[in-house]
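Here is a briefing on one protein chain. Look at the structure first, then work through the points below.

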Amino acid sequence: ETPVEIDTLDCRLEYPLFAKLDCIELSHKTEAGAVLGPLRDRDSLEDALHRLDEIARASSQPSQIVLQQSVKGVELLIGVSPVEPWGRALVLGLGGTMTEIHDDVIALPLDATEEEIRSGFARLRSAPLFENFRGASPVYLDTAVNAALKIARLASASAIIYEIEANPFVAPRDVRDPHGAVDVRITLRDEHEARLENEAEE
């Protein structure tokens, strides 16, 4: 975070962007104040780096600051979670800060086809957002459908993965715009079992 390092970053980055602290202790970065942005210039970038550094120093776990280009579109949730009767299921829903507020989520089997995933998104209560909502262009949903297929295949092929959450996954209204998973959390089976053991001991 020296002036030289910040100058180097400033030359390589395209504003606006977001800065966030990547730390195992922070499963919800926004609530912890560990996501800052949109940052529109060097001054705001420098301030964000120092603020995140203060949070990092207060943590007992290793951490790193991640800088990401701001992306525009509809924020979705795409993941794999334990859901009956499938054991683990592909989970689709409205993402970002809206996930817990609206609870607009559906579950599909991990072997869901491309068409079933597309139909799953269409069944969400928030599906009107994907169309010409208030004059906006329709969402290019193929990006989210392809990501869901890949996440489901990854979970199916790996015995060590317990849960995956890509939230938010930003689906663009213009395919030329930046898009994709802004934040991804993967929980391994060993980590999940260790957490259960700790909770039982408490």
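To place the charges, Lys and Arg count as positive and Asp and Glu as negative, while His and the chain ends are left out. On that basis, the protein chain has 20 positive and 37 negative charges, and their mean positions are 6 Å apart. Keep in mind that this is a predicted model.

**The whole chain**

- The protein chain holds 6 helices and 9 strands.
- Its C-alpha atoms fill a box of roughly 55 × 55 × 30 Å along the principal axes.
- The chain has 202 residues, and 36% of them are buried.
- The accessible surface of the chain is about 11,900 Å². Carbon and sulfur atoms account for 50% of that surface.
- Take the contacts between residues at least 6 apart in sequence. Of these, 57% join residues at least 24 apart.

**Helix α5**

- Helix α5 covers residues 142-157, which is 16 residues.
- From first C-alpha to last, α5 reaches 22 Å. That is close to the 22 Å expected at 1.5 Å a residue.
- Which residues of α5 are buried? They are T143, A144, V145, A147, A148, L149, I151, A152 and A155.
- An α-helix has 3.6 residues a turn, so residues three or four places apart point the same way.
- The cover over the buried residues of α5 includes strands β4 (74-83), β5 (87-94) and β7 (161-171). Helix α4 (114-122) is also part of that cover.

- L92 sits in strand β5.
- Is L92 buried or exposed? L92 has a relative accessible area of 0%, so it is buried.
- Leaving out residues up to four places away in sequence, L92 touches L77, I78, D104, V105, I106, L108, I117, G120, F121, L124 and A148.
- L92 and G79 are 13 residues apart in sequence. Their C-alpha atoms are 6.7 Å apart in space.
- S81 belongs to strand β4.
- S81 counts as buried because its relative accessibility is 17%, and the cut-off for buried is under 20%.
- Beyond residues up to four places away in sequence, S81 touches G87, R88, A89, V91 and E163.

**The aromatic pair and F130**

- How many aromatic pairs does a search of the whole structure find? The search finds 1.
- That pair is F121 with F130, and it is edge-to-face. The ring centres are 6.4 Å apart, with 80° between the planes.
- Both partners, F121 and F130, are buried.
- F130 lies in the loop between α4 and α5.
- F130 has a relative accessible area of 5%, so it is buried despite its place in a loop.
- Beyond its neighbours within four places in sequence, F130 is in contact with V74, L76, F121, L124, P138, V139, L141 and R173.
- F130 and D41 are 89 residues apart along the chain. Their C-alpha atoms are separated by 31 Å.

**Backbone points to check**

- The peptide bond from E84 to P85 is cis, with omega near 5°. P85 is in the loop between β4 and β5.
- Another cis peptide bond joins N167 and P168, with omega about 5°. P168 is in strand β7.
- D103 has a positive phi, near 50°, and is not a glycine.
- Where is D103? D103 lies in the loop between α3 (98-102) and β6 (105-109).
- D103 is exposed because its relative accessible area is 56%, and the cut-off for exposed is over 50%.

**Y15: a loop residue in between**

- Y15 is in the loop between α1 (3-12) and β1 (17-23).
- Why does Y15 count as partly exposed? Its relative accessibility is 23%, and partly exposed lies between the buried cut-off of under 20% and the exposed cut-off of over 50%.
- Y15 and G180 are 165 residues apart in sequence. In space, their C-alpha atoms are 18 Å apart.

Methods:
Residues numbered from 1 in each chain as written. Predicted model: local features only at pLDDT ≥ 70, side-chain atom pairs only at ≥ 80, totals over all residues. Heavy atoms only, no water. Helix = DSSP H or I, 4+ residues; strand = E, 2+ residues; numbered from the N terminus. Buried < 20%, exposed > 50% of the residue type's maximum accessible area, 1.4 Å probe, protein only. Contact = heavy atoms within 4.5 Å. Areas by Shrake-Rupley, 256 points an atom, 1.4 Å probe, with all protein chains shown as cover. Charge placed at Lys NZ, Arg CZ, Asp CG, Glu CD. Expected span 1.5 Å × (residues − 1). Phe/Tyr/Trp six-rings, centres within 6.5 Å; stacked < 30°, edge-to-face > 60°.
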